[in-house]
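Hi there,

Here is the structure I promised to pass on. Have a look at it first, and my notes on what turned up follow below.

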Amino acid sequence: MAMANLARRKTTSLLNTNLIRSDAFRYSFSLSSTLSRGFASGSDENDVVVIGGGPGGYVAAIKAAQLGLKTTCIEKRGALGGTCLNVGCIPSKALLHSSHMYYEAKHRFAKHGVTFDNVQIDVAAMLGQKDKAVSTLTKGIEGLFKKNKVTYVKGHGKFVSPSEVSVDTIDGDTTVVKGKNIIIATGSDVKGLPGITIDEKRIVSSTGALALTEVPKKLVVIGAGYIGLEMGSVWGRLGSEVTVVEFAPDIVPSMDGEIRKQFQRSLEKQKMKFMLKTKVVSVDTSTDIVKLTVEPSAGGEQSVLEADVVLVSAGRSPFTSGLGLENIGVETDKIGRIPVDSKFSTNVKGVFAIGDVIPGPMLAHKAEEDGIACVEFIAGKEGHVDYDKVPGVCYTHPEVASVGKTEEQVKQLGIAYSVGKFPMLGNSRAKSIDDAEGLVKIIAEKETDKVIGVHIMCSNAGELIHEAAVALTYGASSEDIARTCHAHPTLSEAVKEAAMATYDKAIHI
């Protein structure tokens, strides 16, 4: 088969890299919480200095050290993992899981013969579980640094030359870290909205939404992207009346149109309300209730929304200010991103950039791949990241995951294509666990049957999508997927059936 033949031609370098990373992550959970930290002095010269300890930065630092390069990582937060681990991906998934467990216990357990006299919420316990997960993982990364001999400097770094970074440490000292190659991996920050002041109490960003100490009666979410819908889901499951205000005509505009429509219907069944093609004109916090004045995006009659808490979730901006880029002449575009070439080099020799500070998807896993590829280039090896094959996942319930092109994108490119779909209602595992909402959709080139896009909406879609990512990476056809034996009964059989529907016919519908 096409996929198998292509797989045999792959080098072993990718396998070796994955084995190293897998072993490193397993190791992280066995370390004690008391770990020593190294600090670079001005007289030391590193092969690689990484500014930023988020998913891109810490992975780049570890990989550089594994390749035999003397490496230092500078992180101002005082805890590794960046936004993702500390106030983003990890804590949000912890609360999504906890809130889903509560929702299931309250609304669905009885169907499975499990009953309770009274189901209650302990928000403090939920937050405690979230914080413990964050703390454990952060300390685990410190352990990985120690294992791989990465020097860790806690403080804010600023360029003083293309090979020197001055660091104001969290202990109040100043040190200069020198490096032959310096990687900017400072990630992104919350994008604000004009006229709206985020106080992280009543007007919150995603950071504040992760730390609410009680369930708001009414929650208004400004922005119908991945983060807004996930956090809206958390508090909606716990009892909030959630209204999502979105300037655009659709939720999650990057999502495949057909999937998006079904996704919105699913969220509406969960009592999430949507005000699309709507903009926020002003916010009044002068009373105990927050009042938002809204109007149609194109202008028109205004109305007022009331909320206990407002979540501003209008996207993220690259964090490139305060780094002294102007001191060394590193160029940025009009929104603060750093242009780089195919090897992640900026316009200044020896200075590189990865992750959210450069163009491309603002995703933790994309930043990780950037980091690995960047240090491979620095070490004289070859690195590569294909942004067309980066999976995206919305961790609501059901989850929505995708990789490759949407049907709308394929149409715009003028590609003749075939589409195969399979509903989860036809999947044995989904039906047996009474969680059969959603579908799998596969898009393939009509002439060659090569898979160019896969979109999944169902429970655990974020896990199922990686079969599709591998298929796209190796240039597989839908027939390749369809003729691959899938265990029964599993949710992944829906991917096989959708592939069968793409090049021929599905069996179970």
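The side chain of H486 makes a polar contact with the side chain of E467, at 2.6 Å. (A polar contact here is a pair of N or O atoms within 3.5 Å; within protein, one must be able to donate a hydrogen and the other to accept it, and residues adjacent in sequence count only if both atoms are side-chain atoms.) The H486 side chain also reaches the backbone oxygen of T484, again at 2.6 Å.

Before going on, a word on the source: this is a predicted model, where local features need pLDDT of at least 70 and side-chain atom pairs count only at pLDDT 80 or more, while totals for chains, interfaces and linings use all residues. Residues are numbered from 1 along each chain as its sequence is written, and side-chain values use heavy atoms, with hydrogens and water left out.

Back to H486. You'll find H486 in the loop between α15 and α16; helices (H or I, at least four residues) and strands (E, at least two) are DSSP runs, numbered from the N terminus. Is H486 buried or exposed? H486 counts as buried because its relative accessibility is 12%, and the cut-offs are under 20% relative accessible area for buried, over 50% for exposed and partly exposed in between (1.4 Å probe, protein chains only). If you leave aside neighbours within four places in sequence, H486 is in contact (heavy atoms within 4.5 Å) with E467, I481, S492, E493 and K496.

UniProt, in an unreviewed entry, lists H488 for "active site"; its positions are given in the numbering used here, feature names are shortened, and annotations may be inferred rather than shown by experiment. H488 lies in the loop between α15 (478-482) and α16 (493-503). H488 is exposed, as its relative accessible area is 56%. Neighbours within four places aside, H488 touches S428 and E493, and the side chains of H488 and E493 make a polar contact at 3.0 Å.

Next, α16 itself. Of its 11 residues, 9 are buried, so α16 is largely enclosed by the rest of the structure. Among the buried ones are E493, A494, V495 and E497. What do the buried residues of α16 pack against? They pack against β19, β20, β21, α14 (461-473) and α15.

That brings us to the sheet. Five strands form an open sheet in the order β17-β18-β21-β20-β19, with antiparallel pairing; two strands pair if DSSP finds at least two bridges between them. The edge strands are β17 and β19 (417-423), each of which pairs on one side only. From one strand to the next, the twist averages 10°. Strand β19 is joined to β20 (residues 439-445) by 7 bridges, and the two run antiparallel. If you want a pair to click on, K421 stands opposite K441 in β20. Helix α9 (residues 257-269) lies across β17, β18, β19, β20 and β21 (451-458), and runs at about 5° to β21. (Axes are lines fitted to C-alpha atoms, for helices over the stretch in contact, and angles run from 0 to 180 degrees between N-to-C directions.)

Another cis peptide bond runs from H397 to P398, with omega near 0°. P398 is in the loop between β17 (392-394) and β18 (399-404).

Then there is helix α11. Its 15 residues (364-378) should span 21 Å at 1.5 Å a residue, and the end C-alpha atoms are 21 Å apart, which agrees; the expected span is 1.5 Å times one less than the number of residues. Helix α11 is mostly covered, with 12 of its 15 residues buried. These include K366, A367, E368 and D370. Just after α11, G380 takes a positive phi of about 85°.

E200, which is not a glycine, has a positive phi near 60°. E200 is in the loop between β6 (188-190) and β7 (203-204), and is partly exposed, with a relative accessible area of 34%. K277 is not a glycine either, and its phi is positive at about 50°. K277 sits in the loop between β10 (273-275) and β11 (278-284), and is exposed at 52% relative accessible area.

Cheers
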